[in-house]
Amino acid sequence: MAKGKKVEIHTKVEDTGKENKANNKNELNKEDAPKSVDPLKEMEEKVESLKKEAAENHDRLLRVAAEFENYKKRAAREMNDFRKFANENFAKAMLPVIDSLDLAIESSSNDKHVDSSMVEGVNMTLKEILKVFEQFGVKRFESIGNTFDPSLHQAVMQEETKAYPDNTVSKELQKGYMIHDRLLRPAMVVVSKKITEPENRENSTQKKDNE
């Protein structure tokens, strides 16, 4: 072997290490780099979100509007009822006065000794009161001859009669009154009852013989 000649041995360890470091650095740079975003897709998602929010707000607005409309109708109905029935207690307080006038006219009509002009005056007073009542929606209703109705009539007794069908108002002891479409006072009435026919003697005798 010749002296002074150097033999160089190349290894790839050092180069391989450099290459690995470079690759790792590149991978880190890729991860740190911002991901590309599709602007069109992002805009579509935003538009859909705004549409959904707008629909929810529209539904909420419709509900509020419907509730407000119902409130206005309810308030108008309550105000109307208040105006219609504001005089209900006063009308009830006046009914005994009218009953007394009715009773005076009825009792004096069969008495020949009563002054007819006085009776006429009482009758005119009653008519004027009833006329004022009608201006405020208060009216008396007739019951005689009508079928007994527990929502309008207060039955105090029953009587057997052929003049009226069964369960019919045959007499009116006290007038009933309505205020608009509401019952102010039920009529106090007598209700008819079917007459029970006595059993024929011959029929009863035949029944006994058959027994």
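Mentor: Let us start with burial: in this predicted model, 17% of the 211 residues of the protein count as buried.

Trainee: How do you know how far the model can be trusted, and where is confidence lowest and highest?

Mentor: The mean pLDDT of the protein is 82, with 75% of the residues reaching 70 or more. Confidence is lowest in helix α5, residues 201-210, where the mean is 54, and highest in strand β4, residues 176-179, where it is 97. Where pLDDT is low, the predicted coordinates should not be read in detail.

Trainee: What elements make up the protein, and in what order do they run?

Mentor: The secondary structure comes to five helices and six strands, and from the N terminus on the order is α-α-α-α-β-β-β-β-β-β-α.

Trainee: How many salt bridges does the whole structure hold, and why is the contact of Asp102 with Arg140 called one?

Mentor: A search of the whole structure finds nine salt bridges. The term asks for a side-chain nitrogen of Lys or Arg within 4 Å of a carboxyl oxygen of Asp or Glu, and the side chains of Asp102 and Arg140 meet at 2.8 Å, N to O, so this pair is a salt bridge. Asp102 lies in helix α3 (residues 88-109) and Arg140 in strand β1 (residues 138-141), so the pair ties together parts that are 38 residues apart in sequence.

Trainee: What makes Glu128 and Lys131 a salt bridge, and why are they said to be separated by about one helical turn?

Mentor: The closest N and O atoms of Glu128 and Lys131 are 3.7 Å apart, which is within 4 Å, and therefore the pair is a salt bridge. Both residues belong to helix α4 (residues 116-135), and because they are three residues apart there, about one helical turn separates them. Glu128 has a relative accessible area of 44% and is partly exposed, and Lys131, with 47%, is partly exposed too.

Trainee: Which parts does the salt bridge of Glu142 and Lys175 tie together?

Mentor: The side chains of Glu142 and Lys175 meet at 3.1 Å, N to O, in a salt bridge. Glu142 lies in the loop between β1 and β2, and Lys175 in the loop between β3 (169-174) and β4, so parts that are 33 residues apart in sequence are tied together by the pair. Glu142 and Lys175 also belong, with Glu172, to a network of salt bridges.

Trainee: What makes the negative surface patch negative, and how does Glu44 qualify for it?

Mentor: The patch is formed by Asp38, Glu42, Glu44, Glu45 and Glu48, and because Asp and Glu count as negative, the patch is called negative. Patch residues need over 30% relative accessible area, and Glu44, a residue of helix α2 (residues 39-85), has 47% and is partly exposed, so Glu44 passes that cut-off.

Trainee: Which residues make the nonpolar surface patch, and how does Met157 meet the cut-off?

Mentor: Val156, Met157 and Leu173 make a nonpolar surface patch of about 270 Å².

Trainee: What is worth noting about the phi angles of Asn167 and His180?

Mentor: Most residues other than glycine have a negative phi. Asn167, in the loop between β2 and β3, has a positive phi near 65 degrees. His180, in the loop between β4 and β5 (182-185), has a positive phi of about 55 degrees although it is not a glycine.

Definitions and conventions
Residues are numbered from 1 along each chain as its sequence is written. This is a predicted model: local features need pLDDT of at least 70, side-chain atom pairs count only at pLDDT 80 or more; totals for chains, interfaces and linings use all residues. Side-chain values use heavy atoms; hydrogens and water are left out. Patches are made of residues with over 30% relative accessible area and no salt bridge: like charges are joined within 9 Å, nonpolar side chains (Val, Leu, Ile, Met, Phe, Trp, Tyr) within 5 Å. Accessible areas come from the Shrake-Rupley method with a 1.4 Å probe; for residues, only the protein chains shown count as cover. The place of a charge is taken as NZ of Lys, CZ of Arg, CG of Asp or CD of Glu. Helices (H or I, at least four residues) and strands (E, at least two) are DSSP runs, numbered from the N terminus. Buried means under 20% relative accessible area, exposed over 50%, partly exposed in between (1.4 Å probe, protein chains only). pLDDT is the predictor's confidence in each residue, from 0 to 100.
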